Amino acid sequence: MSGSAARTATADVVCLGESMVTFLPSQPGRLADVPSFGRGIGGAESNVACALAAAGHRAKWVGRVGADGFGDHLVDTITGYGVDTSAVRRDPERPTGIYFRTATDRATDTHEVAYYRAGSAASAMSPQNVPYEDLLPTRVLHLSGITAALSADCLALLHDLTAPRDGRPLISFDVNHRPGLWREAEEGPEVLLALARRCDLVFVGDDEAEEAWGLHGAEAVRAALPEPDVLVVKRGADGVTVFSRTETGDGGHDTVTTVPSLRVDVVAAVGAGDAFAAGFLSATLRGLPVRDRARHGHLMAAAVLTVPGDLTGPPPRACADRLAALDDTAWGTLRLGPGWTAAAGANEEVRVT
């Protein structure tokens with residue numbers, strides 16, 4: 001980002017995308033068998049904004065919701081995390097999206113999600129109705145591939161925002177390949193690859209890279225995505241591999257950093273990817289080394305993995321910094337379970353076992 005843009009930034013991070021009201025099951029089982037649901041919120045980009053605001057950053061969420069009670073709930077809840085929602089637009093003709101999900105991990109065959117988002121207010125976002133003055137005065141603009149799948153207008157908006165322009169903020173992009181959202185299933189992988197190649201910082205899971213592009217291994221993903229300055233390949237329980245380009249006289253070269261995952265007693269495996277992105281972005285904004293950026297991503301993901309919902313408060317910064325600074329042996333023996341962030345907030349020792 002140019003120096004002039006940095007001086008006029010009104011936010012640390014702006015996150016653009018759809019947020020929905022999510023209905024969480026009262027017990028495990030098929031959607032057909034669950035007797036009742038609790039109400040929460042869900043949305044990759046708003047999750048990132050909430051986590052960053054809770055971590056002390058100036059975060060803004062930009063989106064569209066219906067002029068309905070669900071839209072009120074979304075805006076009120078996201079605002080409650082300290083996120084700037086002043087740029088959220090209300091659509092009097094289209095509803096706020098909602099969805100229901102089962103309690104199981106998204107990666108399992110028993111996981112079910114029922115989306116009611118077709119024709120939602122967010123799907124009407126376009127270059128014509130999302131003012132760029134709400135998006136560009138920021139240090140980082142965070143986008144995801146989910147938005148690209150919502151409609152042709154949403155795709156046009158992302159295509160325009162990722163185009164080269166003077167004073168462009170750092171563009172962060174989470175691939176978030178969701179085959180079921182694309183109007184034409186075969187369209188998604190090609191579109192997502194093209195968008196990712198136009199961004200500065202890209203997050204992608206090795207599983208989705210294999211599913212979408214037939215790529216196997218972090219090196220193959222980097223070969224397909226040589227343009228981003230930073231590429232984060234998430235490898236599940238095996239950790240992450242980060243490719244960060246250092247400019248040199250001969251055009252630059254990659255520094256490759258591999259950071260193991262933490263051992264976590266998982267309560268619910270939802271929202272971890274968004275939390276990881278938020279932790280990595282938080283540490284990026286603070287200018288921390290690549291290893292520590294990835295470790296902060298793991299720590300914020302661990303906070304979400306040890307609670308039932310998609311969102312939770314992050315560990316206090318002092319605690320997260322202390323854990324991120326552990327030597328490799330201590331990091332490898334760290335184990336986190338339910339309640340660890342509360343213990344850290346009460347200044348209780350987070351034990352390394």
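1. In this predicted model, the axes of helix 10 (residues 290–305) and helix 11 (residues 317–324) come within 9 Å and cross at roughly 120°, where axes are lines fitted to C-alpha atoms, for helices over the stretch in contact, and angles run from 0 to 180 degrees between N-to-C directions. That angle makes helix 10 oblique to helix 11, since angles under 35 degrees count as roughly parallel, over 145 as roughly antiparallel, 65 to 115 as roughly perpendicular and the rest as oblique. Helices (H or I, at least four residues) and strands (E, at least two) are DSSP runs, numbered from the N terminus.

2. On the side of helix 10, Arg291, Asp292, Arg295, His296 and Leu299 meet Ala320, Asp321, Leu323 and Ala324 of helix 11, contact being heavy atoms within 4.5 Å.

3. Elsewhere, 8 strands form an open sheet with mixed pairing, in the order 4-1-9-10-11-12-13-14; two strands pair if DSSP finds at least two bridges between them. Strand 4 (59–62) and strand 14 (253–259) stand at the edges with a single partner strand each, so one side of each is left without a neighbour in the sheet. From one strand to the next, the twist averages 15°.

4. Within this sheet, strand 10 (residues 170–174) pairs with strand 11 (residues 201–205) in the parallel sense over 3 bridges, and Asp174 stands opposite Phe203 in strand 11. Helix 7 (residues 206–213) packs on the sheet and touches strand 10, strand 11 and strand 12 (230–234), its direction making about 85° with that of strand 11.

5. Residues are numbered from 1 along each chain as its sequence is written, and side-chain values use heavy atoms, with hydrogens and water left out. Local features need pLDDT of at least 70 and side-chain atom pairs count only at pLDDT 80 or more, whereas totals for chains, interfaces and linings use all residues.
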